[in-house]
Amino acid sequence: MDAQRIEQYVRVAAMALLALGCVLVVKPFLGAILFAAVLCMSTWPGYTWLRDRWGGRNSLAALAIVLALMVALALPVALAAQSLIVHSPAVVEAVRNFLDNRSNFELPAFIRNLPLIGSWLSDYSALLLQSREELVALARRLADPAKTMFLGLGGAVGEGLIQILIALFVAFFFYRDGDRVRRLLAEGMARLAGPDQGIELIGTAQGAVRGVVYGLLGTAFAQAVVALVGFLIAGVPGAMLLAALTFILSLVPMGPVLIWGGAAAWLYAQDQTGWAIFMVVYGVAVISSVDNFIKPILMSRAGNLSMLLVVLGVFGGAIAFGFIGLFVGPALLAVGWNVTKKWLGDAEMEAQR
């Protein structure tokens with residue numbers, strides 16, 4: 001083997017080690033970097049509008065929009081984490097005391113009349129109330145695991161808050177140097193897919209990311225607002241915190257039901273049966289129905305991304321990247337889906353989806 005061939009192998013090995021080292025360094029922040037890119041792509045028009053109005057001051061415009069995103073994203077997550085960590089033990093204890101002391105408890109008629117499970121729930125609740133020992137044992141069995149679950153969930157949300165803050169820090173530099181990053185990205189895509197198709201793919205990816213982010217965050221914000229109105233009308237304490245939790249859990253299918261359902265249960269436990277029924281009706285007809293009306297309209301901007309890909313993106317993203325994966329996962333699948341359609345040029349794929 002000649003010296004030139006050995007030198008070539010050494011260069012390749014050195015580049016491979018360098019790439020591996022860079023990956024290891026960036027790996028802990030990969031989710032935050034991807035989330036920062038998603039935020040920048042979805043809010044870039046707002047940034048350019050501020051920059052143009054402020055005479056091309058890139059840093060000032062970037063700082064302003066990052067602060068706005070901090071209020072819109074980090075504040076609800078911080079409230080949710082604080083609420084889960086601080087108040088969950090008290091809530092669990094209150095539920096345990098309620099089960100332990102309430103001997104005349106009776107399920108509401110609308111629950112007893114549910115098909116298939118209504119009679120079973122009624123009979124089982126009566127059995128629990130007749131057997132004080134079984135009731136106390138049930139409360140004790142559920143109390144500690146419930147505390148652990150809520151504290152773990154609060155810790156996960158708190159970790160997500162840290163990831164969001166890191167992502168916003170990275171986003172500041174993406175905004176400030178966005179034009180340079182966009183030129184580099186366009187040049188790279190042009191080399192991979194050709195000049196014309198590369199630019200088209202970038203536009204497709206940006207549209208998909210905007211559609212997913214607008215769909216998820218727009219729906220979450222709308223559900224949080226209508227939930228806040230319902231909690232205030234019904235007189236549920238901690239309405240702002242519950243609305244923040246609704247904002248977070250709206251990213252998960254059927255998540256808001258846990259919040260307004262818990263509020264309805266609390267109202268019923270306080271002998272406010274009328275308001276409990278109102279909360280259930282309002283939750284089903286208003287809070288949860290927002291997801292059925294607003295999200296399809298906003299998600300259509302993501303290339304009519306199917307709900308299956310959204311659900312897979314939400315849960316898969318959460319497993320891969322933690323809390324911020326709720327945003328990153330659907331955005332990545334949206335980009336992959338639309339780029340695949342562009343590359344394949346398969347019109348039947350959209351018709352069969």
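Is glutamine 223 buried or exposed? I find glutamine 223 buried, because its relative accessibility is 2%, where buried means under 20% relative accessible area, exposed over 50% and partly exposed in between (1.4 Å probe, protein chains only).

Notes on the source. I am working with a predicted model, in which local features need pLDDT of at least 70 and side-chain atom pairs count only at pLDDT 80 or more, while totals for chains, interfaces and linings use all residues. Residues are numbered from 1 along each chain as its sequence is written, and side-chain values use heavy atoms, with hydrogens and water left out.

Entry on glutamine 223. I located glutamine 223 in helix H8, residues 195-234. Helices (H or I, at least four residues) and strands (E, at least two) are DSSP runs, numbered from the N terminus. Leaving out residues up to four places away in sequence, I listed the contacts of glutamine 223 as Thr246, Ser250, Pro256, Ile287, Ser288, Val290 and Asp291. Contact means heavy atoms within 4.5 Å.

Entry on the whole chain. I counted 14 helices and zero strands in the protein chain. The protein chain has 353 residues, and 38% of them count as buried. I then took the contacts between residues at least 6 apart in sequence; 72% of these join residues at least 24 apart. The protein chain exposes about 19,500 Å², and carbon and sulfur atoms supply 69% of that area. Accessible areas come from the Shrake-Rupley method with a 1.4 Å probe; for residues, only the protein chains shown count as cover.

Entry on aromatic pairs. I found seven aromatic pairs in the structure. Rings of Phe, Tyr and Trp (its six-membered ring) pair if their centres lie within 6.5 Å; planes under 30 degrees apart count as stacked, over 60 as edge-to-face and the rest as tilted. One of the pairs is tyrosine 47 with tyrosine 175, tilted, at 5.3 Å centre to centre and 35° between the planes. This pair links distant parts of the chain, as tyrosine 47 is in helix H2 (residues 30-53) and tyrosine 175 in helix H6 (residues 132-176), 128 residues apart. Tyrosine 47 is buried at a relative accessible area of 0%, and tyrosine 175 is buried at 0% relative accessibility. The pair of tryptophan 275 and phenylalanine 278 is edge-to-face, because the ring centres are 5.4 Å apart and the planes stand at 90°. Both of these residues lie in helix H11 (residues 273-299), three residues apart, about one turn of the helix. Tryptophan 275 is partly exposed at 37%, and phenylalanine 278 is partly exposed at 26%. I also noted that Trp44, Tyr47 and Tyr175 form one aromatic cluster.

Entry on cores. Which residues touch the most other members of the largest nonpolar core? They are Phe35, Ile164, Tyr175 and Phe323, in a core of 46 residues. A nonpolar core is a set of buried Ala, Val, Leu, Ile, Met, Phe, Trp, Tyr and Cys residues joined through side-chain atoms within 4.5 Å. H2 gives the most to this core, with nine residues. Apart from this core lies another, of 18 residues, including Ala227, Ile259, Trp260 and Ile287.

Entry on the surface patch. I found a nonpolar patch on the surface made of Phe221, Val225, Val229, Ile233 and Trp275, with about 460 Å² of accessible area together. Patches are made of residues with over 30% relative accessible area and no salt bridge: like charges are joined within 9 Å, nonpolar side chains (Val, Leu, Ile, Met, Phe, Trp, Tyr) within 5 Å. H8 supplies the largest share of the patch, four residues. Valine 229 is partly exposed, at 40% relative accessibility.

Entry on charges. I found two salt bridges, each a side-chain nitrogen of Lys or Arg within 4 Å of a carboxyl oxygen of Asp or Glu. Aspartate 52 meets arginine 51 at 4.0 Å, N to O. Aspartate 52 is exposed at 56%, whereas arginine 51 is buried at 14%. Arginine 176 meets aspartate 177 at 3.3 Å, N to O.
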